[in-house]
Amino acid sequence: MEVEQIEIRDHIRRFAPFDGLPEDTLNWLAQQVEVAYYRAGSTILTYGQPLSDLYFIRSGAVEVYRRNGELYNRLSEGDLFGQLGLMMNKKTRYPANALEDTLIYLIPDAVFQELWEAGEHFADFFDIEDQGRLRAAVSRQEKSNPLMTSRVRKLITRTPVTAVSSTSIQDAAKVMTDEGVSALVLTHPGARIDQDWKPGDNPMVAGIITDRDLRTRALATGLAYDTPVSEIMSTDLVYIQSDKYVFEAMLTMLRHNVHHLPVLHRHKPVGVVALSDIVKYESQSSLYLVSNIHHQVDVRGLKRLSKDTAATFVRMVNEDANSHMIGSAMAGIGRAITQRLLELAEEKLGPPPVPYCFMAMGSMARDEQLIVTDQDNALVLDDSFIPEQHDDYFKALATFVSDGLDQCGYTYCTGDIMATNEQWRQPLHVWKAYFTDWIETPNAKSLLNSAIFFDLDGVAGETQFAETLKDLIADKAKNTPKFLAYLAHAALNRKPPLGFFRDFVMENDGKHNNSINLKRRGTAPLSDLIRVHALACGSRAQNTFNRINAIAETQLLADGVANNLRDALELLSITRIRHQALDIEAGRDPDNNIEPENMTRFERRNLKEAFQVISSAQKFLRYRYHASGGGSIN
């Protein structure tokens with residue numbers, strides 16, 4: 001060895017994780033290292049820059065930043081950086097600048113990977129002391145996006161501007177102009193804004209109006225200026241608590257298609273968050289896309305927006321949004337398209353003869369929709385529905401919406417779970433009978449085909465019909481062990497792709513040969529088993545992360561298991577999401593199949609850990625609900 005290489009070896013061995021390497025490995029490592037020098041104030045790494053080395057600080061000091069410019073860490077002699085980018089996509093995740101004149105040892109990626117794969121001591125160092133690999137991977141992702149780390153209260157710059165609901169439209173507009181606000185909180189005469197308030201149970205707040213309300217409900221309709229503002233205000237208020245995260249405010253706006261959210265602190269209104277406050281955290285806003293969807297005048301216009309949907313998906317991935325944010329945003333976009341199609345259908349067909357609820361099942365209902373998806377929907381009709389008089393209308397409505405969804409990229413359901421199927425276009429009392437029968441007299445075949453209906457959500461119309469069904473399911477399921485046993489049996493049909501020695505078991509179906517379908521083998525079986533536990537707990541939650549939270553509040557699972565399920569779900573989902581985003585950027589049709597040979601060792605190792613979590617959870621599911629079911633399930 002040369003003198004310089006000996007000096008590198010002797011220095012680097014003083015610091016973890018190199019202090020546990022054998023002598024011959026250290027000698028080999030020293031021969032692979034290159035040396036780089038950076039002057040004080042110079043840039044070492046920029047965000048998104050291709051990354052081919054692990055950086056070891058020989059001398060000097062380095063500052064590492066988050067993408068938003070916030071200081072993340074200050075490093076000195078013996079510290080490392082660049083490892084996260086190497087472990088994920090070979091691109092810089094955290095920009096770095098030299099704080100002082102700095103000497104860096106550059107350890108090639110191939111060397112880093114070989115050391116990581118060969119020794120547990122070395123690998124465990126990068127798994128973050130007291131956290132497992134999955135928790136490490138997930139927590140790094142969570143901390144990288146300001147939507148996930150910023151609280152709504154940071155967006156509040158002033159107390160809400162208010163007026164009494166008897167104020168005239170002209171005076172209300174003058175108050176908004178003088179105060180420079182786009183929304184006005186309206187109170188009942190005599191009420192005080194500093195009193196405790198929760199929408200729905202206190203009459204203090206009467207409603208809210210926005211600039212848009214003044215334009216569309218007052219000026220465009222020619223209302224007299226002295227008309228009370230109560231004539232145009234929105235009374236069905238949607239709000240958010242001040243300690244929630246910005247991404248939760250974004251998802252609330254998406255779900256309800258609102259541009260202003262009153263913010264509460266301990267049940268008192270402390271401000272109003274506007275769409276523009278949220279958009280600064282998201283460069284290609286899904287909120288603006290939803291707004292644009294509702295302005296389209298025909299199906300062709302909605303179809304043209306499919307490219308914008310894909311662009312929004314890719315942008316959220318590149319901005320480090322987590323799977324919950326992305327799935328909820330995509331579901332919000334899907335809901336908006338469905339709602340607009342229903343409006344266009346009613347414009348064509350006329351008003352519905354009886355009230356109805358258009359209901360979504362599956363990933364849209366769970367707020368877990370991605371860019372590769374089909375449609376699963378149904379119609380719940382008012383009990384005054386008479387097939388001979390009314391069904392032609394609802395069949396035409398269902399066909400219009402289903403065909404429109406297909407044109408917008410939501411392909412027809414291969415299992416025919418759509419409102420176009422007469423079986424899934426029924427009055428509320430029939431739906432109650434369906435669920436009662438599935439729960440009280442279950443059998444393997446019926447639950448295998450109907451399990452998707454236990455993920456449901458009202459998209460448009462009389463959404464309380466869907467809420468009624470959720471209540472029925474929650475009340476009956478937890479008290480029917482036999483049903484839970486059969487549902488658990490159905491949830492065990494899809495296995496994680498692990499062989500006897502925890503090697504991957506590949507697909508063998510031609511087009512996707514030697515790949516793994518992350519939906520069929522990963523997220524779907526995980527969602528299935530979590531659904532069983534959630535129903536056993538009496539939870540009404542639909543989103544799988546929310547279901548895990550509900551399960552964690554009980555004694556059903558051992559300590560730490562809920563966290564493992566949450567981390568496995570996030571890892572599998574975000575891996576699937578990134579794969580689809582890469583396909584879109586490369587001009588390929590996105591799918592759910594990944595090829596392990598194209599993944600880094602770190603990614604493969606994390607993936608195996610996630611699949612092992614599913615395997616263990618399925619074993620517990622079989623044990624717990626088979627015993628509860630009171631007999632074998634054939």
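**Labels and their grounds**

Modeller: Helix H20 (residues 481–491) is mostly covered, with eight of its 11 residues buried. This is a predicted model.

Biologist: Which residues of H20 are the buried ones?

Modeller: They are Phe 483, Leu 484, Ala 485, Tyr 486, Leu 487, Ala 488, Ala 490 and Ala 491.

Biologist: Why is strand E16 called largely enclosed?

Modeller: Five of the five residues of E16 (residues 377–381) are buried, so the rest of the structure largely encloses this strand. Asn 377, Leu 379 and Leu 381 point one way, Ala 378 and Val 380 point the other way, and all are buried.

Biologist: What makes E15 and E16 a pair?

Modeller: Two strands pair if there are at least two bridges between them. E15 (residues 356–361) and E16 have five bridges, in the antiparallel sense. One of the residues involved is Tyr 356, whose bridge partner in E16 is Leu 381.

Biologist: How many bridges join E16 to E17, and in which sense do the strands run?

Modeller: Three bridges join E16 to E17 (residues 425–427), and the two strands run parallel. Leu 381 has Pro 427 as its bridge partner in E17. With helix H16 (residues 387–407) between them in the unit's listing, E16 and E17 make a right-handed β-α-β unit.

Biologist: What makes E10 mostly covered?

Modeller: Five of the five residues of E10 (residues 183–187) are buried. Ala 183, Val 185 and Thr 187 point one way from the strand, Leu 184 and Leu 186 the other way, and all are buried.

Biologist: Which strands pair with E10?

Modeller: Strand E9 (residues 162–164) is joined to E10 by three bridges and runs parallel to it. Val 164 has Thr 187 as its bridge partner in E10. The chain crosses from E9 through helix H8 (residues 169–179) to E10, and this β-α-β crossover is right-handed. Strand E11 (residues 205–210) pairs with E10 in the antiparallel sense over five bridges. There, Leu 186 stands opposite Gly 207.

Biologist: Why is Asp 367 counted as buried?

Modeller: The cut-off for buried is under 20% relative accessible area. Asp 367 has 15% relative accessibility, so Asp 367 counts as buried. Its place is in the loop between E15 and E16, and its phi is near 60 degrees, a positive value in a residue other than glycine.

Biologist: Where is the cis peptide bond involving Pro 17?

Modeller: The bond from Ala 16 to Pro 17 is cis, with omega near 5 degrees. Pro 17 is in the loop between helix H1 (3–12) and helix H2 (23–32). Most residues other than glycine have a negative phi, and most peptide bonds are trans.

Biologist: What is the average pLDDT of the protein?

Modeller: The average is 86, and 88% of the residues score at least 70. Over residues 199–203 the pLDDT is below 50, and this stretch has five contacts in the model beyond near neighbours in sequence. Residues 627–634 also stay under 50, with 11 contacts beyond four places in sequence.

Biologist: What percentage of the protein's residues are buried?

Modeller: Buried residues make up 54% of the 634 residues. The protein has 24 helices and 20 strands.

Notes. Residues numbered from 1 in each chain as written. Predicted model: local features only at pLDDT ≥ 70, side-chain atom pairs only at ≥ 80, totals over all residues. Heavy atoms only, no water. Buried < 20%, exposed > 50% of the residue type's maximum accessible area, 1.4 Å probe, protein only. Helix = DSSP H or I, 4+ residues; strand = E, 2+ residues; numbered from the N terminus. Right-handed = clockwise from strand over helix to strand, strands pointing away. pLDDT = per-residue confidence, 0-100. Contact = heavy atoms within 4.5 Å.
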